[in-house]
Amino acid sequence: MTIRAVVWDIDDTIFDYTTADRAGMRGHLAAEGLLDGYASVEQALGHWREVTDQQWARFAAGEASFEGQRRDRVRVFLGEELTDAEADAWFLRYLGHYEAAWGLFPDVLPALDTLAASHRHAVLSNSSLHVQDRKLRVLGVHDRFETVLCAAELGVSKPEARAFHAACEALALPPHQVAYVGDHPEIDGQGAADAGLFSVWIDRAGVSAVTGDTPDTREGAAPDQPAGLRRITSLTELPVLLAADTRFGAPSTFG
């Protein structure tokens, strides 16, 4: 069965979110004079990452609005009862540092160029359209995608099958003709596979989030890797993977 389109995650898939977030927060905390409250910069960044993950999970579960989770990230991180305006102002100052560090992964443009003539392209993100549309424009790749769909506007987020199916419907293609590429093995990888898409998990660190093993020790797919997804460590592997008949013929060479 031919894969006709690729739907992409954004953060830590095509956009180096982790690096930008860490650099931005490091600069922001220094500017705000908040680093003295931590034993190290790494401890401060770890605290921000933990709070971000917790509040993002609330948003994904429908327990908070997109703006609400941002404000609560600030309140929990600082341990202060801030007004909405105060929390928004603090987060806006952080955004200035964060956006200065924005960048694509180096394998993104070559992969998009290689696939431009053979596949259609779209985006499905668990963020908001306001944020991701602007991000894609600043990064210079917005015109590469036919449509950009985000959880805040869809009212449903990954790993729910309805989110993936909304992307397929926007492309007017059945799920089995659509590939999904994302960095999270469960939210992206397993979610897309369960929804019937050709699921590709990009494990950029080369370390399985499931097993903690390096690729050399795993010898391909580990037994407890989520089923139904294909694992790559670079987008340079994607064109060959999409061209291979991995579901209805020769087995994939990727773990």
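Me: Thanks! To begin, does Phe 77 count as buried or exposed, and at what relative accessibility?

Reply: A word on the ground rules: this is a predicted model, where local features need pLDDT of at least 70, side-chain atom pairs count only at pLDDT 80 or more, and totals for chains, interfaces and linings use all residues. Residues are numbered from 1 along each chain as its sequence is written, and side-chain values use heavy atoms, with hydrogens and water left out. Buried means under 20% relative accessible area, exposed over 50%, and partly exposed in between (1.4 Å probe, protein chains only). Phe 77 therefore counts as buried, at 5%.

Me: What kind of aromatic pair do Phe 77 and Trp 90 form?

Reply: Rings of Phe, Tyr and Trp (its six-membered ring) pair if their centres lie within 6.5 Å; planes under 30 degrees apart count as stacked, over 60 as edge-to-face and the rest as tilted. Here the centres are 6.0 Å apart, with 50° between the planes, and the pair is tilted.

Me: How many residues apart in sequence are the parts that this pair ties together?

Reply: Helices (H or I, at least four residues) and strands (E, at least two) are DSSP runs, numbered from the N terminus. Phe 77 lies in helix H3 (residues 66-78) and Trp 90 in helix H4 (residues 84-100), so the parts tied together are apart in sequence by 13 residues.

Me: Nice. And what is the geometry of the pair formed by Tyr 98 and Trp 102?

Reply: Tyr 98 is buried at 7% relative accessibility, and Trp 102 is buried at 15%. Their ring centres lie 5.7 Å apart with 80° between the planes, which makes the pair edge-to-face.

Me: Turning to the strands, which residue in E2 is the bridge partner of Ala 5?

Reply: Two strands pair if DSSP finds at least two bridges between them. Strand E1 (residues 5-8) and E2 run parallel, joined by four bridges. In E2, the partner of Ala 5 is Arg 120.

Me: What is the handedness of the crossover from E2 to E3?

Reply: E2 pairs with strand E3 (residues 148-150) in the parallel sense, over three bridges. The chain passes from E2 through helix H6 (residues 129-138) to E3 in a β-α-β crossover. A crossover is right-handed if, with the strands pointing away from the viewer, the path from the first strand over the helix to the second runs clockwise. This crossover is right-handed.
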